[in-house]
Amino acid sequence: MNPIRRRRLWFVVALVAAAALATALVALALQRNVAYLYTPAEILDGRAGEPVASGEARFRLGGMVADGSFHRESGSMQASFRVTDGDAELPVVYTGILPDLFRENQAVVATGRMRDGTFVAEQVLAKHDETYVPKEVADKMGLAHEKHGVETPSAEAEL
């Protein structure tokens, strides 16, 4: 084989190997950073899986802040509240500044891990107005509303 062709062949092989390695590393990094959305009922009944319940996996918890559940010690940044989906409630603790729109009976999505039966949130997001709810939360909350016969604003408007 011609030395120039051999050099080109090795260059192409090295380039393909480098591209494959880079693709594998990117896919691995993205897979580690994926945070799936679960409701309290899915976590407590085991549908979310053992890594979620044990605190191994980082995930998003979606639902509504339960009425009368918010508590913050005076002079402390640690807040505790319960998130509900209509079927189950899960206690949540968060250390930090909560969003301005955070309040009881409002939709919330928190990212974090389970620890000793309590969800320890790293980040808390609240919906920004009366009509917006993230699609995943809306779908799961819609199922809970149907199951429990809760009237939704869109159902009331159709009447």
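**Walking through the model**

Tutor: Asp116 is a handy place to begin: its relative accessible area is 77%, so it counts as exposed. Keep in mind that this is a predicted model.

Student: OK, where is Asp116 found?
Tutor: Asp116 sits in the loop between strand 6 and strand 7. Those two strands form a hairpin with 2 residues between them.

Student: What is phi of Asp116?
Tutor: Phi is near 55° there, a positive value in a residue other than glycine.

Student: And how many bridges pair strand 6 with strand 7?
Tutor: There are 8 bridges, and strand 6 (residues 107-115) runs antiparallel to strand 7.

Student: Which residue has a positive phi of about 65°?
Tutor: That's Asn105, which is not a glycine either. Asn105 lies in the loop between strand 5 and strand 6.

Student: Is Asn105 exposed or partly exposed?
Tutor: Partly exposed, because its relative accessibility is 45% and the exposed class needs over 50%.

Student: Back to strand 7. Parallel or antiparallel to strand 5?
Tutor: Parallel: 3 bridges join strand 5 (residues 89-95) to strand 7 (residues 118-126). Val93 stands opposite Val120 of strand 7.

Student: What about Val92, buried or exposed?
Tutor: Val92 is buried, since its relative accessible area is 1% and buried means under 20%. Val92 is in strand 5.

Student: What is Val92 in contact with?
Tutor: Leaving out neighbours within four places in sequence, its contacts are Leu61, Ala79, Ser80, Phe81, Val83, Thr118, Phe119 and Ala121.

Student: Let's talk about the core. How many residues has the largest nonpolar core?
Tutor: The largest nonpolar core has 21 residues, and those with the most contacts inside it are Ile43, Phe59, Leu61, Phe119 and Val124. Strand 2 (59-65), strand 4 (78-84), strand 5, strand 6 and strand 7 are the elements that give two or more residues to this core.

Student: Why would nonpolar side chains be buried together?
Tutor: As a general rule, that is what nonpolar side chains tend to do in soluble globular proteins.

Student: Which residues does Ile43 touch?
Tutor: Not counting residues up to four places away in sequence, Ile43 touches Tyr38, Ala48, Val52, Phe59, Leu61, Leu90 and Met114.

Student: Is Ser69 buried or exposed?
Tutor: Buried: Ser69 has 9% relative accessibility. Ser69 is in the loop between strand 2 and strand 3 (71-72). With neighbours within four places in sequence set aside, Ser69 is in contact with Ser80, Phe81, Arg82 and Glu104.

Student: Switching to charges. How many salt bridges does the structure hold?
Tutor: The structure holds 3 salt bridges. In one of them, Arg58 pairs with Glu122, and the closest N and O atoms are 2.9 Å apart. That pair links distant parts of the chain, 64 residues apart: Arg58 is in the loop between helix 3 (50-54) and strand 2, while Glu122 is in strand 7.

Student: What is the relative accessibility of those two?
Tutor: Arg58 is at 33%, which counts as partly exposed. Glu122 is at 43% and also counts as partly exposed.

Student: And what does Glu89 form a salt bridge with?
Tutor: With Arg82, the closest N and O atoms being 2.4 Å apart. Glu89 is partly exposed at 36% relative accessibility, and Arg82 is partly exposed at 31%.

Student: Which residue pairs with Asp45?
Tutor: Asp45 forms a salt bridge with Arg47, with 2.9 Å between the closest N and O atoms. Asp45 is partly exposed, with a relative accessible area of 47%, whereas Arg47 counts as exposed at 57%.

Student: Last topic, the surface. Which residues make the nonpolar patch?
Tutor: Met1, Leu9, Trp10 and Val13 make a nonpolar surface patch of about 480 Å². Trp10 is found in helix 1 (residues 3-33).

Student: Why does Trp10 count as exposed?
Tutor: Because its relative accessibility is 59%, and the exposed class begins over 50%.

Methods
Residues numbered from 1 in each chain as written. Predicted model: local features only at pLDDT ≥ 70, side-chain atom pairs only at ≥ 80, totals over all residues. Heavy atoms only, no water. Pairing = 2+ DSSP bridges. Helix = DSSP H or I, 4+ residues; strand = E, 2+ residues; numbered from the N terminus. Patch = residues over 30% accessible without salt bridge, like charges linked within 9 Å, V, L, I, M, F, W, Y side chains within 5 Å. Areas by Shrake-Rupley, 256 points an atom, 1.4 Å probe, with all protein chains shown as cover. Salt bridge = Lys/Arg side-chain N within 4 Å of Asp/Glu carboxyl O. Buried < 20%, exposed > 50% of the residue type's maximum accessible area, 1.4 Å probe, protein only. Contact = heavy atoms within 4.5 Å. Core = buried A, V, L, I, M, F, W, Y, C linked by side-chain atoms within 4.5 Å.
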